[in-house]
Amino acid sequence: MTTARGQTPTQRRRPELAAFLRGRRARVTPADVGMAPGLRRRTPGLRREEVAQLSGVGVTWYTWLEQGRPINASPQVLDAVARTLRLDQPEREHLYHLAEVPYAPDREASAEAVGPEIQGIIDAMDPRPAVVYNTRYDILATNPAYRDLFLLPQAPGTGVPNALWSLFTVPADDCPLVFRDSELPVMVATLRSAYGRHVGEPAWEGFVSRLSAASPHFARLWESGDVIPPGPRVKTFRHRAIGELRMTSVSLSVNGMPECRIVVYTPDDEESSRHTAELHRLRKATGTAAGTAAEMSATAENPAP
């Protein structure tokens, strides 16, 4: 594949990479990195050899990188250069793309909450259930319609509710998913598809270990090794007050939260639409989630073993 100027994408990225690195190097002063300015400095920014030294890489290698030569760069080396040049997260991601290295965000610093703008969006979707998950199924935000369908006990050690913890530790008869035996393997396979980016991270390893100990069913599914990417699915929910609801789940990405998604549940048929509207009316009449508030509180305090 070539561009309109007869260049391949890789050939076009190299001068972009060179210009980007030169520009970012010029804005970092010796004082910014604790160095004396020295004499006869012709540039207000760092010299190439200074960037190389501070990044722990060879001067020739860094020079070739800044010249856009076809050299291989590892994530560890790019991270070191990014720290020296004081790149923020968007700039770091841009550097990775120009160097043609797969970018992974700061995975340990996963989000634990959403801002008022995102909360306002999912609240506005009511009476359609909506939730913000991260890739571990931690529940970062919900609207009342979502809380009508799910119990929300906290996962020990995380301090936040977790959908998988809820579904695997409540008794089978209390699980809101009608087709539990087919739905739960899909969720575990989706979790494992994200786990590959987090192998060895304490938050992930601890979560998998605790849930495996709490639920032999989860442990068996986890050991199967199946992986599935997230995607639209039709789920059937059981609600004690109004019966069954068939809902299509659709995932939407959240700008600025790369490992999070908004999941919206839309009625899949007319009967489910009526039941969704009825749940909304019951909640408005009682001022709480219909038929679930007591169970949510009890389960959160005493999660099932």
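On a 1 Å grid over the protein atoms alone, a cavity is a set of points where a 1.4 Å probe fits but cannot get out, and lining residues are those with an atom within 4 Å of a point. The model here is predicted, with local features needing pLDDT of at least 70 and side-chain atom pairs counting only at pLDDT 80 or more, while totals for chains, interfaces and linings use all residues. Residues are numbered from 1 along each chain as its sequence is written, and side-chain values use heavy atoms, leaving out hydrogens and water.

Two cavities of 30 Å³ or more turn up. At least two lining residues come from each of α9 (180-195), β3 (233-239), β4 (243-254) and β5 (257-267); helices (H or I, at least four residues) and strands (E, at least two) are DSSP runs, numbered from the N terminus. By type, this lining splits into 10 nonpolar, four polar and three charged residues, where Ala, Val, Leu, Ile, Met, Phe, Trp, Tyr, Cys and Pro are nonpolar, Asp, Glu, Lys and Arg are charged, and the others, Gly among them, are polar.

As for the second largest cavity, about 60 Å³ of space lies inside. Its lining includes P127, P129, L245, M247 and H280. α7 (144-149), β4 and α12 (270-286) each bring at least two residues to this lining, with α12 giving the most, at four. Seven of the lining residues are nonpolar, two polar and two charged.

Technical notes. 1 Å grid on protein atoms, 1.4 Å probe; cavity = no way out; pocket = protein on both sides within 12 Å on 5 of 7 lines; lining within 4 Å. Points joined across faces, edges and corners; volume = space filled by probe spheres on them.
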